[in-house]
Amino acid sequence: MEIRYANKKVEKYFSDYGVMRKKIGLELTRGVKKQMDRLRAADTFGDFLSLGLGHPEQLSGYDRIRYSIRVSANARLIVEPNATTDTLSICSELEIEGVSDYHGGKDNWYIP
């Protein structure tokens, strides 16, 4: 699957896990890396969703389709597939938005 990043700041953290570790800590970085490896291994986003790894959930309240993937009890990897609801199963392009704790009715971004 082809993975892009929402902006240069997000790309900086996801291209160097050492920099990410300094920002969010070792345990969250391990969780993020594990989910990123799983996303890269999948041919399509539909394949990833069918496995159910990381408990992917579609987020509501956004203009485009967004999913959260569990990294820890509260932290989620936020991704935006380049697809519509009809083409989600064959989507092979994904944009990483960052890592967030969206519990409590608001987004608290660890990595914007």
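Q: Which side chain does a polar contact join to that of Glu 80?

A: Happy to start there. In this predicted model, the side chains of Glu 80 and Arg 64 are joined by a polar contact of 3.4 Å. Glu 80 itself belongs to strand 4, residues 76-81.

Q: Is Glu 80 buried or exposed, and why?

A: Buried means under 20% relative accessible area. Glu 80 counts as buried because its relative accessibility is 9%. Setting aside neighbours within four places in sequence, Glu 80 is in contact with Arg 64, Ile 65, Arg 66, Leu 94, Glu 95 and Glu 97.

Q: Which residues touch the most other members of the largest nonpolar core?

A: First, the general idea: in soluble globular proteins, nonpolar side chains tend to be buried together. Here the largest nonpolar core has 29 residues, and Phe 14, Met 36, Leu 39, Phe 45, Leu 77, Val 79 and Ile 96 touch the most other members. Helix 3 gives the largest share of this core, four residues. As for Val 79, its contacts beyond four places in sequence include Leu 39, Phe 45 and Ile 96.

Q: At what angle do helix 1 and helix 2 pack?

A: Angles of 65 to 115 degrees count as roughly perpendicular. Helix 1 (residues 8-15) and helix 2 (residues 17-24) pack at about 105 degrees, their axes 5 Å apart, so helix 1 is roughly perpendicular to helix 2. Lys 12, Tyr 13, Phe 14 and Ser 15 of helix 1 make the contact with Tyr 17, Val 19, Met 20 and Lys 23 of helix 2. By type, the contact residues are five nonpolar, one polar and two charged.

Notes: Residues numbered from 1 in each chain as written. Predicted model: local features only at pLDDT ≥ 70, side-chain atom pairs only at ≥ 80, totals over all residues. Heavy atoms only, no water. Axes fitted to C-alpha atoms, helices over the stretch in contact; angles between N-to-C directions. Helix = DSSP H or I, 4+ residues; strand = E, 2+ residues; numbered from the N terminus. Parallel < 35°, antiparallel > 145°, perpendicular 65-115°, else oblique. Contact = heavy atoms within 4.5 Å. Nonpolar A, V, L, I, M, F, W, Y, C, P; charged D, E, K, R; others polar. Buried < 20%, exposed > 50% of the residue type's maximum accessible area, 1.4 Å probe, protein only. Polar contact = N/O pair within 3.5 Å; in protein donor to acceptor, adjacent residues only side chain to side chain. Core = buried A, V, L, I, M, F, W, Y, C linked by side-chain atoms within 4.5 Å.
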